[in-house]
Amino acid sequence: MKAYFDPFESRLCRNIRNELSVSLMKAIHNGDIGSSYTVAEKYMSEGIEPFINNYINNRIMRYKAIVTQIQTANIQIHETYIIALFLWDQELFFEVHEWLEIKWRNSQGTEKIILQALIRAAGTYMHLECDRHMGAKKMASKAVETLIRYKESIPVFNVESLIAKLKALDPVPPKFGATRLLAKNDQ
């Protein structure tokens with residue numbers, strides 16, 4: 001096993017990532033990350049490698065932040081793009097993918113195409129996190145093509161910044177200002 005968290009190569013890492021992500025989707029819907037703690041405890045009790053332990057602890061910390069932000073800003077579950085923005089700014093790219101895929105499955109037309117582009121953008125950063133540059137390049141190219149075509153129709157995200165970062169395969173993902181949305185809701 002590699003000495004870093006790689007869900008593309010390790011079934012254990014993939015299972016942990018997937019189960020934690022599912023638990024976050026539940027947490028967003030019910031405002032409680034108890035299910036995430038349950039998943040974390042399941043794997044942490046197995047005597048896992050320190051880098052896996054770090055991944056789990058890091059995810060739990062970010063999940064708490066996401067649920068708190070959503071509650072603080074009084075964001076509703078149907079505000080798909082805003083929640084995706086919060087997830088993105090926490091660099092929870094697999095979770096962005098999972099969150100948007102829920103809406104994508106039931107979408108049609110332009111919205112389905114836009115959601116797929118944002119899922120691919122998140123996928124690009126998932127690949128970059130694991131030094132999978134060929135996969136990232138391929139995914140970014142597909143995302144950019146659609147983002148350019150539909151940029152006027154994409155809510156909340158700074159599409160120009162996203163396009164620039166994806167074109168450059170910049171390993172530092174753009175931040176979209178989820179905290180700015182929180183500040184607006186406080187006014």
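Which residue's side chain meets that of Asp170 in a salt bridge? Select Asp170 and Lys165: their side chains meet in a salt bridge, 3.0 Å from N to O. (A salt bridge is a side-chain nitrogen of Lys or Arg within 4 Å of a carboxyl oxygen of Asp or Glu.) Asp170 counts as partly exposed at 23% relative accessibility; buried means under 20% relative accessible area, exposed over 50%, and partly exposed in between, with a 1.4 Å probe and protein chains only.

Before moving on, a word about the model. It is predicted, so local features need pLDDT of at least 70 and side-chain atom pairs count only at pLDDT 80 or more, while totals for chains, interfaces and linings use all residues. Residues are numbered from 1 along each chain as its sequence is written, and side-chain values use heavy atoms, with hydrogens and water left out.

**Stop two: a buried pair**

The structure holds 8 salt bridges. For another one, select Glu95 and Arg59, whose closest N and O atoms are 2.9 Å apart. This pair links distant parts of the chain, 36 residues apart: Glu95 sits in helix α5 (residues 93-105) and Arg59 in helix α3. (Helices, H or I with at least four residues, are DSSP runs numbered from the N terminus.) Glu95 is buried, with a relative accessible area of 0%, and Arg59 counts as buried at 5%.

**Stop three: the largest pocket**

Helix α3 (50-72) and α6 each give two or more residues to the lining, and the largest share, 3 residues, comes from α3.

**Stop four: along α6**

Now select residues 109-129, helix α6. Its 21 residues should span 30 Å at 1.5 Å a residue, and its end C-alpha atoms are 31 Å apart, which agrees. The expected span is 1.5 Å times one less than the number of residues. Just after α6, click on Asp131, which takes a positive phi of about 55°.

**Last stop: Lys103 and Glu111**

Finish with the salt bridge between the side chains of Lys103 and Glu111, 3.7 Å from N to O. Lys103 is partly exposed at 29% relative accessibility, and Glu111 is partly exposed at 28%.
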